[in-house]
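Try each task before you read its solution.

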Amino acid sequence: MKTQMSHTRSTGEQAVWQALEDQQKVIRGQHLRNLFADDPARGERMTAEAAGVFLDYSKNLIDDKTLRLLVELGEQSGLRARIDAMFRGEKINITENRAALHVALRAPKGTSIVVDGKNVVPEVHAVLDKMAAFAHRVRTGQWKGHTGKRIRNVVNIGIGGSDLGPVMAYEALKHYSDRAILFRFVSNIDGTDLVEATHDLDAAETLFIISSKTFTTLETMTNAHSARDWSLAGLGGDARAVAKHFVAVSTNTEKVAEFGIDTANMFEFWDWVGGRYSMDSAIGLSTMLAIGPDHFRAMLEGFHAVDEHFRTAPFERNLPVLMGLLSIWYNDFFGAQTVAVLPYDQYLKRFPAYLQQLTMESNGKHVTLAGTPVDYETGPIYWGEPGTNGQHSFYQLIHQGTRLIPCDFIAFGQALNSLGRHHDLLMANLIAQTEALALGKTAEQVKAEGTPEWLIPHRVFEGNRPSNTILMDRLTPAALGKLVALYEHNVFTQGAIWDIDPFDQWGVELGKVLAARIIPELESKSETEPKLGHDSSTNNLIRRYRKLRDAT
């Protein structure tokens, strides 16, 4: 396990890193049972609250000294300066020479955030106003399709951040959505995705949103052209129909017009917003169509509330900073390789998948900002499922397996769908799981229940499994904005301390480049096969695939 941080860092940072290594040796010899017994107020004291978000971090493998050292690590790492630089619009995405200004997407009117000498906030609100006007026309039926029918189906076509954010937000805020409109999402280049999304739809009532900044993304544009063919086949083949059934979220006016989309229905976003940080930009057009402009703006207000808390709160009371520091603690000092995100709300069923891109595309890096190899672990694996479903599958491994898996439990005090005892039972399970993970069950306790001697080891729970609990009042649009911003800034905190760039994603490029080379090799006939210059496995797979494909 890599732990020692030895590349060029300040003396103060090296010292606090070493102190944390020493502290880990102390903490690993303690148990949360004793930490709670020795400090009856621990559960009230180790909490933080801001912007309507309550964080209980008392069930973590820390004491007061650990927390002080982690906060000092943040200070010595220059985290405050990095936060300020981001909010000032500096080009902190150094490998692409770009700002990382997702916070500008939810800045209130009248705010000034300057990029290259220009205040970008008015542009953001101009696009939001254009989105709102369009959403109003579609939701009220003023927007008519080519045959004069109103739109009853919306299909969002995108991939990565152009899909994961919109589909997560749609599922999360379904309670607030217009049920007169059916929403579907297509991302995979596998033709099944598009076929299943459209097979029961009427082309005359279907609107496609094509989300691609460059309008050249392979998966998105392949699906877009097939959707265009499907749409025209159902609308009599008149190419003018495209303008009534397709809109674009893009910046490439020429390509959008060439596709047949009216550029008046093109919604732009900017290169200072990475795809995984863009769900509150025009990429969220499907979200606004589903929940309406007012709810969308409430979501933006939620984002902004946590932005301001992150920007201004001292580290020891700063929710995203605390979560980021705790992630560093487990990842780099305990060797924990994963984080489980466990929302106890069915509406958040896609939230862990959304976080996978946000966290792992951001911090899955192996070199520092200076381009030198890191000599410590970065980027834990994020995963999870809604409770209580996960309790009947992978919780076994978290409770009694050999791996340390820190967990984030997310829940709400009030149910959106009140149904008898359901919500109390749901919350009882969440609270019980955090207690069981922390305190476990000793051999003595198991024996006292009358368990046969041979069975006792199987029924012992070691406990000492760490967790955070995030509680909010209700899953509103504002609450979703707060929750996403919480994790965005958690990721930023980790990246700042690891001294990596959390805003580029060069790791997605190589496979795409090689795929572009392999496509013509796959599409050629065996008798005209071009010379294959790959390794023997790749060459063999190309030939084997062609043989299987052509066998029918």
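**Exercise 1. Contacts and overall form**

Of the contacts in the chain with a separation of 6 or more, what percentage do residues 24 or more positions apart account for?

*Solution.* Begin with the ground rules. The model is predicted, so local features need pLDDT of at least 70 and side-chain atom pairs count only at pLDDT 80 or more, while totals for chains, interfaces and linings use all residues. Residues are numbered from 1 along each chain as its sequence is written, and side-chain values use heavy atoms, with hydrogens and water left out.

Step 1: take a contact to mean heavy atoms within 4.5 Å. Step 2: among contacts in the chain with a separation of 6 or more, residues 24 or more positions apart account for 73%.

Step 2: turn to the dimensions. The C-alpha trace spans about 75 × 60 × 55 Å along its principal axes. A compact globule of 552 residues would have a radius of gyration near 24 Å, and the 26 Å of the chain agrees with that. Here the radius is taken over C-alpha atoms, and the globule rule is 2.2 Å times the number of residues to the power 0.38.

**Exercise 2. Surface and charge**

Describe how the chain is divided between interior and surface, and where its charges lie on average.

*Solution.* Step 1: buried means under 20% relative accessible area, exposed over 50%, and partly exposed in between (1.4 Å probe, protein chains only). Of the 552 residues, 53% count as buried.

Step 1: the chain exposes about 23,800 Å², and carbon and sulfur atoms supply 52% of this area. The areas come from the Shrake-Rupley method with a 1.4 Å probe; for residues, only the protein chains shown count as cover.

Step 2: Lys and Arg count as positive and Asp and Glu as negative, leaving out His and the chain ends. Each charge is placed at NZ of Lys, CZ of Arg, CG of Asp or CD of Glu. The 57 positive and 66 negative charges have mean positions 3 Å apart.

**Exercise 3. Salt bridges across the chain**

Which parts of the chain does the pair Asp307 and Arg106 link?

*Solution.* Step 1: side chains of opposite charge can pair when their charged atoms come close. The criterion is a side-chain nitrogen of Lys or Arg within 4 Å of a carboxyl oxygen of Asp or Glu. A search of the whole structure finds 25 salt bridges.

Step 1: Asp307 and Arg106 form a salt bridge at 2.7 Å, N to O. Asp307 belongs to helix α13 (residues 293–312) and Arg106 to the loop between α5 (79–88) and β3 (114–115), so that distant parts of the chain, 201 residues apart, are linked. Both Asp307 and Arg106 are buried.

Step 2: Lys349 and Glu171 meet at 3.8 Å, N to O. Lys349 is partly exposed at 38% relative accessible area, whereas Glu171 is buried at 16%.

Step 3: Asp200 and Arg184 pair at 2.7 Å, N to O. Asp200 lies in the loop between α8 (191–198) and β7 (206–211) and Arg184 in strand β6 (residues 182–186), so the pair ties together parts 16 residues apart in sequence. Asp200 is partly exposed at 46%, and Arg184 is partly exposed at 22%.

Step 4: salt bridges with shared partners join Arg106, Asp280, Asp307 and Glu488 into one network.

**Exercise 4. Backbone details**

Where is Asn464 found, and is Asn464 buried or exposed?

*Solution.* Step 1: Asn464 sits in the loop between α19 (456–459) and β13 (467–472). Asn464 is buried, with a relative accessible area of 17%. Though not a glycine, Asn464 has a positive phi of about 60 degrees.

Step 1: look next at Asp116, another non-glycine with positive phi, near 50 degrees. Asp116 lies in the loop between β3 and β4 (118–119) and counts as exposed at 63% relative accessibility.

Step 2: finish with the cis peptide bond between Gly387 and Thr388, where omega is about 10 degrees. Thr388 is in the loop between β11 (381–383) and α16 (395–400).

Notes
Helix = DSSP H or I, 4+ residues; strand = E, 2+ residues; numbered from the N terminus.
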